[in-house]
Amino acid sequence: MSTLLYKIGKTAFRKPGYFIIGWVIILGIVISMISINGIHISSEMKIEGTESQKVLDQLAKELPAASGGQGSVVFKAPDNERLDTPERVAAIMKGVSEVYGLDKVINPADYAAAQASSLSSSSDAAQSMNMAQSATASPPPYGPLMVNNTPVPGVLISSDGSTALFQFQFTIEQSAITQDVFDSVIQSVMKVEQGTQIKVLPGETLKSVSIGVGSAEIVGLVIAVIVLLITLGSVVAAGLPLITALLGVAIGVGGAFSISKFVDMPSVTSVLALMVGLAVGIDYALFIVNRQRRLIIDQRLSAQEATARAIGTSGSAVFFAGLTVIIALCGMLVIGLTFLSTMALVAAATVLINVFVALTLLPALLGLVGERICSKKAREKSVKSSGSSSHGVADKWVKFVIKNRWATVIAIILILGFAATPITKMEMGIPGASSANLDTNARQSYDAISEGFGEGFNGPLILVAEPRNASAKMTPELLGGLAMELQGQNNVTQVSPLGMTEDLAIFSLIPKTGPNDAATKTLVNDLRSTDSSMAKTFDVKLGVTGLTAVNIDMSAKLSQVFPIYVGIIILLSLIILLLVFRSIIVPIKATIGFLLSILATFGITTAVFQWGWLHSLFGFDTGGPLLSFMPIIVTGILYGLAMDYQVFLVSSMRESYVHGHRGTESVVHGYNQVSRVVVAAAIIMVSVFAGFIFTDDVMIKQIGFTLAVGILIDAFIIRMALVPAVMAMFGDKAWSLPKWLDRILPNLDVEGEKLMATLSTHNDEVKPLSDSKS
């Protein structure tokens, strides 16, 4: 491996134009495809195989109009005033009528006529609807908004007249609704504000789909630039990792956008790829440039030879580090969820592109820079300091850790164990309007609905009832009886029939509790139960769907597959680490260390985003559930990135061992070689991820925070402290391998031992790496 990469690095340095032009052409192709196809993003998160999705698919087939998504808008009167004045009612009626006239929105008048004709007779239709409406046991604290003694379709008004709720239905599934449809609805209802002093609050379901990237991310890049300048010591050297990382991200994320016309691209996909691509792209280039500069300064090699060797040695570590990230991301494919698979593939492709950019474009750019990569001042400083022993902070720290190895290991386990304790109370869901910031329309709409009508109106359920017996038919009497029985269930506020065919009936059910409440989840499970008294009495099967049910099912399914996913990525990564380090102890130690860091990370995330600790510091007002697919995404990314640091740090220790250092000496020597650059890389990665904490999108905020905290714990506590302590415990035994396994495992030569032997044989004037003090 190292010999092949050495040749690639030397060729790229000698003939940079070919490689640079090649990457520019690829970028040009991506830009051309985007200009032709455009950028198309969606909020679709379809959970295949769940009960709610099966019901949606059934409705889409048998009663398409009833399978559509739901929208809501709140009209709020000024303080101490009412909405039901003639002028305000007329304005609301006009806005509502305009919405009903839009494409992709169901007009209740047309729908009611269609439903009546589908029943056996108009009198039966009236009877069934009357029976259902009479099911309400007591008058609710709200009623229909009236105009000329006629209710405004879909609009309820609170008992004090201060709040009106407009709920309507689309003709297509929520995930399939395009941006222009949402915009048309919002534009129509916002006209109600003109001259009426009514405040219009669009609900969470009408929230615009956005890519979710803003100016806050620039702060992370600025910090990355500062760290690069401090670490590499020159503007030229610091600029190269930024150039290569930005190019890799542009091709990776841009490539995803270029095919978004043909592949559903969730909005969070591009942000995830941007996060990971920037972080690994900068880090990989930093490791290679740092190694090249060390070879030039410490061993007096030419820039060409130093570049080739840096690609051959550090480039090998970059290749396998990138491979672990890619494997961790692609492990999401086994989950079988399309939106997660898309996110994983785009992020993995971006990482792969960054690896290739680091191994081919970076040495080409170094070829353009030539000997200017190291300033005269840096070379002179090295000459003056040559021969002196290093007693820097890293050297003192690693010797302290090794001396107190047992105390270090015990302290880390106790501290991270304590940090992980909140994980036992972790609640999963989809953060929505209930946890949005108080100054947002979505949150104000949610609170107004809760106050005027009850929290359950924020999360209506769609029920589908069908006879168990295939020969039985749905009748108006059965429809009315079911409606009354449903109304009598615990935690139910209102039941309304939506439609009926011979094979099924559809209801809208409003719970008393909110979408993320545990009681709502219990209600959904009880309604689905085939052993319930209602299912047996009416001999029907009930299906439950709607956005609330979809989110409940998503959390449940992701919880089920999470252990399988973790097992797969750990197994595959253990195999890679076994091949790279030719050791059994090192891969096991790396995995245990990661498990400690990931548990502590999720514990801290729970305390912050669910319990609301330090919420004002991170720019949100109210705690809420953690994003249901966040643990899988974060675990995959953090495992890959943690193994990056593992590969870079431990491969340096192994390189020291291979080149003659023994016992704790190899741990100290290897640690001193890369600890400074690992710390710099970790700071850069934390800065990039932390930039996403301050976006408005709570999903991106949670992912950015968790990744930043995870890298902080793993790099500075696990890799910088636990790893040297454990390696010192085992000493040279850490590199032992059973003879039978040693014979069958291929030697990947990540440390460059074969490469240096070849160079020594064919080029006697080249000083081997084993002679280096760096």
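The protein exposes about 31,400 Å². Carbon and sulfur atoms supply 62% of that area. Keep in mind that this is a predicted model.

Now the overall count. The protein has 774 residues, and buried ones make up 57% of them. It has 26 helices and eleven strands. Take contacts between residues at least 6 apart in sequence: 80% of these join residues at least 24 apart.

Back to the surface for a moment. Which residues form a nonpolar patch there? They are I21, I25, I29, M33, I259, F262 and V263. Together they carry about 640 Å² of accessible area. Pick out I29. That residue sits in helix α2, residues 16-37. Is I29 buried or partly exposed? It counts as partly exposed, because its relative accessibility is 46%, and the buried class stops under 20%.

Next, helix α3, residues 51-62. Twelve residues. From first C-alpha to last, α3 reaches 17 Å. At 1.5 Å a residue, 16 Å is expected, so the span is close to that value. Its buried residues are S52, Q53, V55, L56, Q58 and L59. Recall the general rule: an α-helix has 3.6 residues a turn, so residues three or four places apart point the same way. What covers the buried residues of α3? The cover includes three strands: β7 (461-467), β9 (505-511) and β10 (540-545). It also includes helices α18 (518-528) and α20 (547-581).

Start with S445, in helix α16, residues 441-452. S445 counts as buried because its relative accessible area is 2%. What does S445 touch, once neighbours within four places in sequence are set aside? V74, L201, P202 and G203.

Then T606, in helix α21, residues 585-610. Its relative accessible area is 0%, so T606 is buried. Its side chain has a polar atom 2.8 Å from the backbone oxygen of F602. Leave aside neighbours within four places in sequence, and T606 is in contact with P422, I423, M426, W611 and L626. How far apart are T606 and M428? In sequence, 178 residues. In space, 9.9 Å, C-alpha to C-alpha.

To recap the two: S445 at 2%, T606 at 0%, both buried.

Terms used
Residues numbered from 1 in each chain as written. Predicted model: local features only at pLDDT ≥ 70, side-chain atom pairs only at ≥ 80, totals over all residues. Heavy atoms only, no water. Helix = DSSP H or I, 4+ residues; strand = E, 2+ residues; numbered from the N terminus. Buried < 20%, exposed > 50% of the residue type's maximum accessible area, 1.4 Å probe, protein only. Contact = heavy atoms within 4.5 Å. Patch = residues over 30% accessible without salt bridge, like charges linked within 9 Å, V, L, I, M, F, W, Y side chains within 5 Å. Areas by Shrake-Rupley, 256 points an atom, 1.4 Å probe, with all protein chains shown as cover. Salt bridge = Lys/Arg side-chain N within 4 Å of Asp/Glu carboxyl O. Polar contact = N/O pair within 3.5 Å; in protein donor to acceptor, adjacent residues only side chain to side chain.
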